[in-house]
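I opened my notebook for a first look at this chain.

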Amino acid sequence: MSTLTLLASGDEFTPPGLELFNSQPIIPGVDWFTKPVLLALLSSLIVVAFCWSAFANPKIVPRGVQNVAEMGYMFVRDQVARPFLGKDADRWMGLLLSIFFMVWIWNLMGVVPILQFPVASHIAFPVVLALSIYVLKIYLGVKHQGAIGFFKNMMFPPGLPKPIYLLLAPIEFLSNMIIAPFTHAVRLFANMFAGHIILAFFSLVGFWFLFEKLTPLGAPLGVVGVVMTIAMTGFEMFIQFLQAFLFAMLAAMYIGNSLHAEH
C-alpha cells in the first residue's frame with residue numbers, strides 16, 4: 001500500500017509531508033538498497049541502453065532511436081556545450097550528454113506510473129553529481145592554469161583598482177568554491193522535492209474527496225484535485241527537463257572556466 005493511500009484512508013484529510021521520502025530497504029538487511037537507489041540504477045541502465053541502441057551501429061540516414069538520440073545530441077551540443085566550451089565542445093560532449101540524459105531520467109521517474117519518485121528529490125544524488133563536477137573543475141583549473149594562476153584568475157580579475165580586491169577576492173572565492181557547488185546541487189534537489197510534494201498533494205485531494213469523503217461539497221473539490229494533478233504533471237515535466245538542462249549547462253560553464261581563464 002502506497003504512502004498516499006495510507007494518508008487518504010483516515011477520517012480526516014492529512015496533507016502529504018516528509019513521509020513521502022522515507023524509503024524502506026527493498027531487500028531485508030540491505031539498508032542502502034532503497035527505492036531511490038533502485039530507480040537511480042534503472043535510470044543508468046536506461047541511458048546506457050538508449051545510447052547503445054542509437055550509436056552502436058549508426059546509419060548515414062538516422063531513423064528511430066538514432067534519430068531521437070541525434071536530436072538530443074544536437075540540443076546539448078548547441079545549447080549547452082558550444083556556448084561555454086567553444087572549440088572544446090566536442091571533446092566534452094560524452095560527459096555533458098550523459099549528465100543531461102541521466103538527470104532528465106532521474107526527474108522523469110517522478111511522473112512514471114507506479115514508480116512515481118524523482119531520484120533527485122533525495123539530496124544525496126544531486127550532491128554526489130555536483131561534487132564530481134566540482135572536483136573535475138578544480139582538477140582542470142589547476143592543470144590548465146596552474147594552482148596559483150587558477151585562484152589568481154578567479155579572485156583577481158585584471159583592470160580594477162587594487163583596494164577593490166580586498167572586497168572582491170573573498171567574494172569571488174566564496175562564490176566559486178563554496179556557493180556555486182552548493183547551489184548546483186540544491187537547485188535540482190529543491191525543485192524535484194517541491195514538485196513531488198505538490199503532485200502528491202493534488203493527487204491526494206482528488207483521491208480523498210472522490211473516494212474517501214464523497215459529499216456534495218467534496219465531489220467538486222475532488223474534481224479540482226484531479227484537474228490540478230493533470231495540469232501540474234504537465235508543468236512538472238517541463239520543470240524536469242529544464243532542471244536537467246540547467247544542471248548540464250552549469251557543468252559546461254564550470255568546465256569552460258577551468259579550461260580557460262574567465263577574465
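I began with residues 241-259, where the chain is 100% helix and 0% strand, and the end C-alpha atoms are 27 Å apart. For helices I took DSSP runs of H or I with at least four residues, for strands runs of E with at least two, numbered from the N terminus. Before going on, I noted that this is a predicted model, in which local features need pLDDT of at least 70, side-chain atom pairs count only at pLDDT 80 or more, and totals for chains, interfaces and linings use all residues. Residues are numbered from 1 along each chain as its sequence is written, and side-chain values use heavy atoms, with hydrogens and water left out.

**Annotated spans.** I looked up the UniProt record, an unreviewed entry, and its annotation "transmembrane region" covers residues 37-56, 92-117, 123-142, 163-182, 188-210, 217-235 and 241-259. The positions follow the numbering used here, feature names are shortened, and such annotations may be inferred rather than shown by experiment. I then checked residues 37-56: this span is 95% helix and 0% strand, with its end C-alpha atoms 27 Å apart.

**The whole chain.** How many helices and strands does the chain have? I found 8 helices and 0 strands, so the order from the N terminus reads α-α-α-α-α-α-α-α by the DSSP runs. The C-alpha trace spans about 70 × 55 × 40 Å along its principal axes.

Of the 263 residues, 40% count as buried; buried is under 20% relative accessible area, exposed is over 50%, and partly exposed is in between, with a 1.4 Å probe and protein chains only. Taking contact as heavy atoms within 4.5 Å, I saw that residues 24 or more positions apart account for 66% of the contacts with a separation of 6 or more.

**Charges.** I counted Lys and Arg as positive and Asp and Glu as negative, leaving out His and the chain ends. The mean positions of the 13 positive and 12 negative charges are 16 Å apart, each charge being placed at NZ of Lys, CZ of Arg, CG of Asp or CD of Glu.

**Salt bridges.** The structure holds 3 salt bridges, each a side-chain nitrogen of Lys or Arg within 4 Å of a carboxyl oxygen of Asp or Glu. Asp 78 pairs with Arg 77 at 2.9 Å, N to O. Asp 78 also meets Arg 82, at 3.6 Å, N to O. Arg 82 and Asp 78 both lie in helix H3 (residues 64-85), 4 residues apart, about one turn of the helix.

Which of these residues are buried and which are exposed? Arg 77 is buried at 19% relative accessible area, Asp 78 is partly exposed at 32%, and Arg 82 is partly exposed at 41%.

Lys 87 forms a salt bridge with Asp 88, with the closest N and O atoms 3.8 Å apart. Lys 87 is exposed at 72% relative accessibility, whereas Asp 88 is buried at 12%. Salt bridges that share partners join Arg 77, Asp 78 and Arg 82 into one network.

**Last stop.** I found Arg 91 in the loop between H3 and helix H4 (93-108), and Arg 91 is exposed, with a relative accessible area of 54%. From Arg 91 to Met 228, I noted 137 residues in sequence and 44 Å in space, C-alpha to C-alpha.
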